[in-house]
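Try each task yourself before you read the solution.

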Amino acid sequence: MSSFLTLVRKEIRDAAQSRWLVGFALSFGLLVLLFARVQSGGDVFAEGFNRTTAGLLNLALLAVPLLALLLGAAAVATEREQGTLATLLSQPIGAGELLLAKYAGLTLALWAAVALGFGLGGLLLALVAPLGALDRYLVFVGLAAGLASASASIGVLLSVLLRTRLRAMAAAVLVWLVLTLFYELAAIAVALTISASGRTLLLASLLDPVEAARILGILAVEPNLEVLGPLGAYLATELGTGVTAGLLASALVAWVAAPLVVAVAVFRRQDV
Amino acid sequence: MLQARAVAKSYGRVRALDGVSFELAPGRVLAVVGANGAGKSTLIKSVVALIRFEGQILVDGIDVARNPKEARRRIGYLSQEAALHPDLTVAETAAFYAALRGLSPERARECVELVGLGSVPERRVAALSGGMRRRLALAVALLADPPLLVLDEPASGLDVAARVELRRLIADQRAAGKSVLLSTHWLEDVPHIADDVLVLDRGRAVFLGPAREFLEAPAVESRLYLRINGRSQEALELLRRTMPQRSVQRLGDWVVVPVRAPEKAAILHSLVDEGIPVSDVRVEEAPADDALRRLTEVDP
């Protein structure tokens with residue numbers, strides 16, 4: 001087995017032993033069922049995947065980035081603090097290789113947690129609910145996995161830049177607050193103040209992975225762009241649903257790649 | 001095997017290493033000694049390419065700064081902290097690092113046995129004593145049977161028996177034609193393990209030469225305490241006569257003799273040969289920082 005795969009396997013093993021990840025998977029599975037029950041207004045599972053997907057969207061947009069940011073932030077800083085980073089880097093592996101392997105292992109573990117959480121709930125739901133909107137539900141699961149990848153990438157960058165676990169995790173919480181709460185508030189404030197154009201609103205959406213994932217999630221449930229207000233009107237007129245989805249998905253991919261590229265470049269130049 | 005040319009490293013305004021050069025041939029052991037903050041660990045980390053530095057370090061002809069991955073294939077490294085993942089067991093730790101180097105689990109087991117941890121393969125690193133953890137880290141360093149061992153304070157935290165075992169292990173490596181670069185605070189260990197010594201003082205090399213020559217420097221002295229019931233005055237006179245250059249003193253029941261490492265046994269022999277019974281012996285090791293500071297002042 002190559003050293004890269006050995007490191008990936010170690011990272012997955014560590015993640016599997018993490019109570020955070022297992023707790024997330026199980027609690028999210030339960031939440032899928034709870035949402036289905038609550039949103040059906042007492043008629044258990046009557047609305048099936050469609051309503052459940054929409055209801056879970058906001059919850060997933062909060063929980064998934066927080067978990068991925070925190071685990072990413074701990075990834076390198078913990079190794080540095082306990083001294084194992086020096087032991088690892090004294091082996092015949094490159095600094096970039098180590099960082100990418102840690103990210104890959106962490107992301108695979110996050111995907112597994114997302115798949116387990118949503119998969120378990122979805123499986124139970126599928127046993128009693130109409131299967132008509134299953135494809136949208138699966139898109140939503142994929143979206144959560146993509147958001148986890150982007151958030152983990154930002155977390156790993158924080159872990160490299162801030163060096164201590166406490167600082168990196170504090171910064172991760174701060175970034176999470178900005179991405180999930182402050183950014184949207186700031187965007188609304190700017191839009192109200194300077195009556196921003198549709199193009200500006202689109203740019204604002206692309207610059208926040210959570211916002212990009214939120215719009216993609218909405219599109220998965222309701223392809224009519226008008227539900228997005230002024231931004232939706234602009235997108236419907238100028239781009240259309242397909243191009244919009246492609247653009248937002250590209251933004252998510254960029255949010256995976258860009259922090260990771262910066263993290264690798266910085267990490268290679270750092271002293272251990 | 002190892003060549004360092006004008007190696008320098010700064011942390012902000014602090015010059016941690018300042019133009020250090022040396023060579024280490026196959027089958028030789030070089031001890032790097034110096035007071036705290038002298039630059040020992042910085043030099044060791046430079047050799048393993050864990051930090052960026054100025055100058056050039058070649059391991060088996062490979063530039064460690066340009067090709068760290070290839071250079072590290074030839075290096076077994078023991079860090080000062082002997083840091084290993086606390087959640088892994090002894091066996092898992094060795095197997096993990098063996099896999100990183102593309103080695104078999106059998107080789108991992110061999111090295112665990114070699115350092116005397118074969119009886120505790122399922123014990124977690126977190127549950128190991130400091131000495132055991134250091135031995136496991138040494139096993140990790142030995143996994144690839146590397147031509148160059150780089151050991152940062154290998155004797156730190158080891159009991160006397162483990163230190164003796166470490167000396168034997170280093171001797172075995174030397175006999176097998178391997179090179180060993182180690183840093184140490186234990187000046188007493190130097191003549192037993194090293195062929196050559198590099199003394200660092202505030203990042204600069206102030207002595208590079210044979211270990212024996214280094215230990216003959218007057219600054220490197222331990223204090224030998226001898227309890228001689230009833231015949232202390234006789235012993236005092238004998239030692240003052242045979243060692244006129246030393247300041248032999250009486251301190252209560254004890255006779256105190258400043259000695260260099262190889263002289264202790266000879267002093268005991270001289271007393272026994274004169275029929276003077278020694279009822280107790282204590283050694284106060286040379287305080288490394290003080291001794292080295294005096295040495296570097298004497299020999300700039």
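Predicted model: local features only at pLDDT ≥ 70, side-chain atom pairs only at ≥ 80, totals over all residues.

Residues are numbered from 1 along each chain as its sequence is written, chains are lettered from A and ligands numbered from 1 in the order in which they are written, and side-chain values use heavy atoms, with hydrogens and water left out.

**Exercise 1.** Work out how much area chain A and chain B bury between them.

*Solution.* Start with the idea: the size of an interface is often given as the accessible area lost when the parts come together. Here that is the area lost with a 1.4 Å probe, summed over both parts. For chain A and chain B the value is about 2,300 Å², with 56% of it on carbon and sulfur atoms. Next, look at who takes part: 27 residues from chain A and 25 residues from chain B are in contact, meaning heavy atoms within 4.5 Å.

**Exercise 2.** Find the salt bridges across the interface of chain A and chain B.

*Solution.* Apply the rule first: a side-chain nitrogen of Lys or Arg within 4 Å of a carboxyl oxygen of Asp or Glu. It gives four salt bridges across this interface. One to look up is D87(B) with R13(A), at 3.4 Å, N to O. Then see which helices (DSSP runs of H or I, at least four residues) build the chain A side: α1 (3–17), α4 (84–89) and α11 (240–269) of chain A each supply at least two residues. The largest share, seven residues, comes from α1(A).

**Exercise 3.** Is K102(A) buried or exposed?

*Solution.* Locate K102(A) in helix α5 (residues 95–128) of chain A. Now use the cut-offs: buried is under 20% relative accessible area, exposed over 50%, partly exposed in between (1.4 Å probe, protein chains only). K102(A) has 6%, so it's buried. Finally, check its partners beyond four places in sequence: E11(A), A75(A), V76(A) and E79(A).

**Exercise 4.** Which residues does T89(B) touch, not counting those up to four places away in sequence?

*Solution.* Go to the loop between β6 (75–78) and α3 (90–100) of chain B, where T89(B) lies; strands such as β6 are DSSP runs of E, at least two residues. T89(B) counts as buried because its relative accessibility is 5%. Its contacts are P121(B), E122(B), R123(B), R124(B) and V125(B). Take R123(B): T89(B) is 34 residues from it in sequence, yet 5.1 Å away in space, C-alpha to C-alpha.

Methods:
Buried area = accessible area lost by both parts, 1.4 Å probe.
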